[in-house]
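Have the viewer open as you read.

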Amino acid sequence: MEFNKSILLLLIFSPLLLFFAEAICIPRNASNDDSRGPPGMVLHVASSAFMQSLPPVSSPSQSPVSYPSLPDYPPHSPSVLPSPFNNAALKKICGVTDHQAECLAIFGPSLTGAIEPLSVLKMGIQTLHKGYEQATAMATKLSNDPSTDGVVKDCLSVCLEVFDLGITDLDQALTAISSNDMDSLVQLLNGVIGYAETCKDAFTEQGEIASPLAEINDRLDKLGSISISISILVPGVTII
């Protein structure tokens, strides 16, 4: 009697068991959508679709160091330069240089917050670094130009060599500021201010050959002079 009841219950509930089995586990070939991933549970399929709906996560990238470019110097005297060039603290700092108008034009638009000699000097070194990069790019382009005269190319080779030294020394100067090594900073700046002059001399020694780098060399020379002058205002700096 008990055996007959078991058979009867099995016959009644077997369709329900089959229904739940199909609901719990659906093979991949039960759908025409092949993009759902490997065969598995319905829960797995739903998770895959959910993950695909999320926006992609972009990998963080480190931006290259970017320094301010050499500006065009305005044909103004310091007394008539517009704001923000007339900042009193900056005018005092630039007043120790031989190129006050250029100093104000370089630093005036960019400096924010408290203006003190070390922050101005650091920006000067960064701007000079960018200037040497620009000069290197210009000299390289001229040197690779087939129409450039051979003697000019020889001069450009000298310029490229000293420009590379300048970039290296300025990198070390920024490191010296970070480590508060003011003696090394002054030594490096004293070396850097001569590199633009060396490039200029390479052309001068050839007689009548005009330097295609004359303008940017002049700017590098002035900015180097400005930087070394401002360095005397930085606490801990001893002029050699």
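Are cysteine 159 and cysteine 199 buried or exposed? Cysteine 159 is buried, and cysteine 199 is buried too; buried means under 20% relative accessible area, exposed over 50%, and partly exposed in between, with a 1.4 Å probe and protein chains only.

## About the model

This is a predicted model, where local features need pLDDT of at least 70, side-chain atom pairs count only at pLDDT 80 or more, and totals for chains, interfaces and linings use all residues. Residues are numbered from 1 along each chain as its sequence is written, and side-chain values use heavy atoms, leaving out hydrogens and water.

## Disulfides

There are two disulfides, counted as pairs of cysteine sulfur atoms within 2.5 Å. In one of them, the sulfur atoms of cysteine 159 and cysteine 199 are 2.0 Å apart, and the link is right-handed, with 85° about the S-S bond. Cysteine 159 lies in helix 6 and cysteine 199 in helix 8 (residues 195-204), so the pair ties together parts 40 residues apart in sequence. Helices are DSSP runs (H or I, at least four residues), numbered from the N terminus.

Cysteine 94 is joined to cysteine 103, S to S 2.0 Å. The torsion about their S-S bond is about -70°, so this disulfide is left-handed. Both cysteine 94 and cysteine 103 are buried.

Cysteine 155 is buried, with a relative accessible area of 3%.

## Leucine 104

Leucine 104 sits in helix 4 (residues 100-107) and counts as buried, at 0% relative accessibility.

Conventions: Helix = DSSP H or I, 4+ residues; strand = E, 2+ residues; numbered from the N terminus.
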